[in-house]
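Subject: Structure for your review

Dear colleague,

Please find the structure below, together with its sequence. My notes on what was found in it follow directly after.

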Amino acid sequence: VVANLEMYDCLFQSNSVPDNNYQHDSYKATVLYSYWGRNGTLIMDRCRVYDGLRGACFGMNYYDGTAQPVVKNSLFVNNQGPELAHGYSWNMRWLNCTFTGNSGSVSGRNPSGGVWLRNCIVQTNGTPIGSSESLVIQDSMFYETALGTYNAIASSNVQLDINPLLKSDYS
């Protein structure tokens with residue numbers, strides 16, 4: 001169990017989870033699975049996540065309202081799992097991130113404190129990005145991506161169908 005985890009300038013490439021149904025109170029995760037983050041921190045900054053298979057990039061369980069997991073200034077490319085992030089009783093902040101060519105939504109059950117996409121670019125996501133009323137979107141751009149379910153009242157400056165003209169080479 002790690003109470004505080006900070007990751008900077010990291011690369012996760014071609015991570016995969018076993019193709020089986022065994023899960024014990026967890027979510028299959030290709031980057032990080034975290035359980036019970038009371039008063040802990042998770043910071044991921046300037047990281048790249050490429051070509052993950054079969055799992056959510058992040059699985060979160062029982063993060064309380066005081067824990068504020070943050071992923072910022074990071075790039076997610078071609079991750080093919082059911083969700084980008086999923087969990088139960090959690091919250092997460094995505095700041096200044098770029099998502100392109102992924103499948104999966106930002107979802108969860110009973111997010112405590114909400115899930116935020118702020119100043120992000122989401123391009124060509126294979127499924128609607130939101131699947132929870134707790135998702136708040138602020139100052140973000142979406143291209144060839146459906147929004148799905150999100151908290152429209154708390155969200156602001158959601159820009160649709162604007163091509164961000166991203167380069168095809170993300171190295």
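In strand β16, Ile-137 is the bridge partner of Leu-117. That bridge belongs to the pairing of β13 with β16 (residues 135–143), which runs in the parallel sense over 4 bridges. Please keep in mind that this is a predicted model.

Strand β13 (residues 115–118) also pairs with strand β10 (residues 92–95), again in the parallel sense and over 4 bridges. Within this second pairing, Arg-93 has Trp-116 of β13 as its bridge partner.

Asn-125 sits in the loop that links β14 (121–123) to β15 (130–131). Is Asn-125 buried or exposed? Asn-125 counts as buried because its relative accessible area is 6%, and the cut-off for buried is under 20%. Leaving aside residues up to four places away in sequence, Asn-125 touches Leu-84, Asn-102, Ser-103, Gly-104, Glu-144 and Thr-145.

The other residue, Ala-152, is located in the loop between β17 (148–149) and β18 (156–160). How far apart in space are Ala-152 and Glu-133, C-alpha to C-alpha? The distance between them is 8.2 Å, while in sequence Ala-152 and Glu-133 are 19 residues apart.

Yours sincerely,
A colleague

Key
Residues numbered from 1 in each chain as written. Predicted model: local features only at pLDDT ≥ 70, side-chain atom pairs only at ≥ 80, totals over all residues. Heavy atoms only, no water. Helix = DSSP H or I, 4+ residues; strand = E, 2+ residues; numbered from the N terminus. Pairing = 2+ DSSP bridges. Buried < 20%, exposed > 50% of the residue type's maximum accessible area, 1.4 Å probe, protein only. Contact = heavy atoms within 4.5 Å.
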